[in-house]
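Subject: Structure for your review

Dear colleague,

Please find the structure below, followed by a short account of what was found in it.

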Amino acid sequence: MTPAQLARANASPEEQPLWSALEDVTDPEFPLSVVDMGLIYGLRREGEKVHLALTFTAMGCPCMDFILGDIRERLLQEPGVSQVEIAIVWDPPWTKSRLTAKGVERLRRCGVTV
Amino acid sequence: MITEEAVLTRLAGGRLVESLEQMSPIYLEGIQRILTVSADTELISAPAYYHAAQDAPSANAFVSAMGIIQDELGHAHIAYRLLQDLGVNKEQLIYERRPEDFKYPYAFDVPLDAWVELVVANAFYDRAGYVLLGDVFHHSTFGPWKRALVKVDREENFHLRHGETWMRKIVKEPGGREKLQRAVDWMFPLTVEWFGLPDTLKKHTEQLNYGLKGSSNDQLRQTWLSTAAPLCETLGLRVPAHYEAGEGRYILDYPFPCAFDAQEKRWRFEEGQITWDEVLKRWKARGPKNAEFVGGVQRGYREWAEMVRS
């Protein structure tokens, strides 16, 4: 189980739909979600506010704004969510071991060796 | 090198062409031509995009644009490298050719002067690249290029999504729709023209006969229109084209081809339709930024050569 899958398994019933919503947010290049990329380090719901801990695959990632915007937009569509606070985390760094099995399979289908 | 008959037999059997030894003279000429256009297009998109990237509204936006530029240079490298494998002198091709002999679309000679024009270029020009290279990716009979395009296809997808996302963002800003409309007004027809001569006038039929690509110019133009026009419509932007359900295709609502004033970035619709010979004349003369953009790419090479000589 990847760290993200573990966090998801421990999510409260109010947080579960938010993880599902994040599955709709795809990487700007490859057809896999930020969840399957293993970018989500933590998710907590506090009333109408969602706290998200997120990393990127590299510090020079050209898609940071993109991904943050897409995540905010999608989470704000969830019932009762009016605020999204995102903390960017660089430690521990992202490695390919954070990809889910589905993520690995999708990348391989696109010709990426992982 | 093999005969035309031998290469056509190979292709009829569903086998790819893998090297120079498996090509006929016509196949080689055709693949060199299409690779040169692709390589030049990717290469010159870099200075063209960089020119506007300097107007990025934030550091992160600038990093995104630089990521795209880096991708484009990588794509150019793939195509130039393949040309080298086919016996072309790569250094000469990139650094010693006259700017006006480069084969990229005329659109890149017209400067993108603001961030809004860069993101519309991502949504329009990169979409054209995505359509054209997607077609090569799926249909090309030249194996090495087909395999290399897996990566290119994904990256071009990111570029056009970058354009779309920013267009959606800008359209919500005060005055944003008007800014976008001004860019769309000159860039939409310029991208329609990008796909080249209509099928009735196209000379190089070997591109289809030898499976260097799968769709004709007009088919590819329609593919582009089928996603570019709806994107603009959903953002409330006017485009000079509409879908004709009866004919099952997009119809252009302006004289095509048409005269273009590159200095003013304005189509001279009022003058009516012109001939393709006149368009070809404009393309061959190149546009305002051709010498500057190609010169910028070649400068370091030239200076280094002079330094070595002295």
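Is the crossing of H5(B) and H9(B) left-handed or right-handed? The crossing is right-handed, that is, the near helix is turned clockwise from the far one by less than a right angle. The model is predicted, so local features need pLDDT of at least 70 and side-chain atom pairs count only at pLDDT 80 or more, while totals for chains, interfaces and linings use all residues. Residues are numbered from 1 along each chain as its sequence is written, and chains are lettered from A and ligands numbered from 1 in the order in which they are written.

In chain B, helix H5 (residues 115-139) packs against helix H9 (residues 217-234) at about 145 degrees, the axes being 10 Å apart; axes are lines fitted to C-alpha atoms over the stretch in contact, and angles run from 0 to 180 degrees between N-to-C directions.

Chain A has 4 helices and 3 strands, defined as DSSP runs (H or I, at least four residues; E, at least two) numbered from the N terminus. Their order from the N terminus is α-α-β-β-α-β-α. The C-alpha atoms of chain A fill a box of roughly 40 × 30 × 25 Å along the principal axes. Of contacts in chain A between residues at least 6 apart in sequence, 66% join residues at least 24 apart.

Note on methods
Contact = placed C-beta atoms within 7 Å.
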